[in-house]
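This briefing looks at one protein model, beginning with a single residue and its surroundings and ending with the chain as a whole.

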Amino acid sequence: HHTSHVEALPPPMELLVRLASANSAALEQIEKQLRVLKENQAKLDDALKKAVREEKKKKVLENPSVEEGTCKVESKSKSQSQSQSHGKRKHGKDKGAQPDDWFLVAELSDSDGAKEKKNEAPESKMRGGVKELPMLVRHINSSDQKVQLSAAIKFRELLSIEHHRPIQEVIECGVVPRLVELLKSSSSHQIQFEAAWVLTNIASGDSAQTKVVIESGAAPIFIQLVKSPNVKLRDQAVWALGNIAGDSLKCRDMVLQLGGLSPVVDLCKAESTLSTLRTATWTISNLCRHKPAPD
């Protein structure tokens with residue numbers, strides 16, 4: 001007669017101890033895996049930050065005339081936060097890239113006090129620049145193109161200060177109509193470019209300041225300049241239209257009614273630079289802003 005052996009069940013207390021031990025080991029394993037995941041996540045975050053930094057460096061090298069984080073798109077803005085909420089961006093500081101057909105700039109003399117001081121605080125530079133406005137107005141109305149260009153550059157530098165930009169002071173000195181005249185100066189792409197840059201940053205201000213640019217008749221000229229063979233001038237014109245369209249529903253519809261959309265879309269279809277595509281798509285997005293949507 002054979003009887004099977006049945007293993008006795010452990011006492012309840014011993015079973016609980018075994019379960020607790022197993023759970024503890026499992027928890028330790030889970031905690032270890034979590035630590036590994038956190039370490040891997042930290043490595044991924046570091047790699048992502050490095051990639052973003054490298055991409056920014058690459059963009060600056062590709063388009064050195066654009067100051068990252070500001071204006072172009074992501075650049076017109078009263079400040080960077082306002083530029084994102086209102087669809088406007090200012091064009092930042094010039095990094096030195098210039099069209100091939102630019103000629104040497106005639107500098108204003110030291111006696112005129114127009115030389116930029118190094119390491120000067122933005123507010124101090126603004127105050128100094130405002131004092132020079134009457135002299136700059138005289139120079140920009142000169143018949144000498146080199147003097148005109150030098151004055152336009154000084155206006156542009158004044159409106160490219162990061163803070164305390166004297167947009168209203170520049171408007172009140174009466175220079176906007178003259179800038180629009182220079183915008184039509186087809187004999188010099190550089191003068192057109194500098195005038196366009198100044199008007200772009202004026203249009204990056206509040207609605208009343210944008211209205212001054214519109215009422216000066218600049219918008220139709222910018223639309224024509226989108227077709228310019230000069231890449232820098234073309235990009236600047238697109239940017240200006242983006243600032244104008246981004247101001248309000250009325251401004252958006254005005255740019256659309258003037259036929260501003262088609263030439264910008266054509267740029268996206270052409271073999272354009274990354275900078276041009278970035279600016280053009282931003283401008284198109286501003287032409288789609290506001291409610292009701294355009295027809």
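Leucine 37 lies in helix α1, which spans residues 12-62, helices being DSSP runs of H or I with at least four residues, and strands runs of E with at least two, numbered from the N terminus. The model is predicted, so local features need pLDDT of at least 70 and side-chain atom pairs count only at pLDDT 80 or more, while totals for chains, interfaces and linings use all residues. Residues are numbered from 1 along each chain as its sequence is written, and side-chain values use heavy atoms, with hydrogens and water left out.

**Surface around leucine 37**
- Leucine 37 counts as exposed because its relative accessibility is 54%, where exposed means over 50% relative accessible area, buried under 20%, and partly exposed in between (1.4 Å probe, protein chains only).
- Together with Leu27, Ile30 and Leu34, Leu37 forms a nonpolar surface patch with about 390 Å² of accessible area.

**Helix α13**
- In helix α13 (residues 261-269), the buried residues are Pro263, Val264 and Leu267.
- Viewed down the axis of α13, these buried residues fall within an arc of 100 degrees, so they line one face of the helix, the arc being that of the directions from the helix axis to the C-beta atoms.
- The cover over the buried residues of α13 includes α10 (218-225), α11 (231-245) and α14 (274-286), with contact meaning heavy atoms within 4.5 Å.

**Whole protein**
- The protein has 14 helices and 0 strands.
- Of its 295 residues, 42% are buried.
- The accessible surface comes to about 16700 Å², of which 55% belongs to carbon and sulfur atoms, by the Shrake-Rupley method with a 1.4 Å probe.

Terms used
Patch = residues over 30% accessible without salt bridge, like charges linked within 9 Å, V, L, I, M, F, W, Y side chains within 5 Å. Salt bridge = Lys/Arg side-chain N within 4 Å of Asp/Glu carboxyl O.
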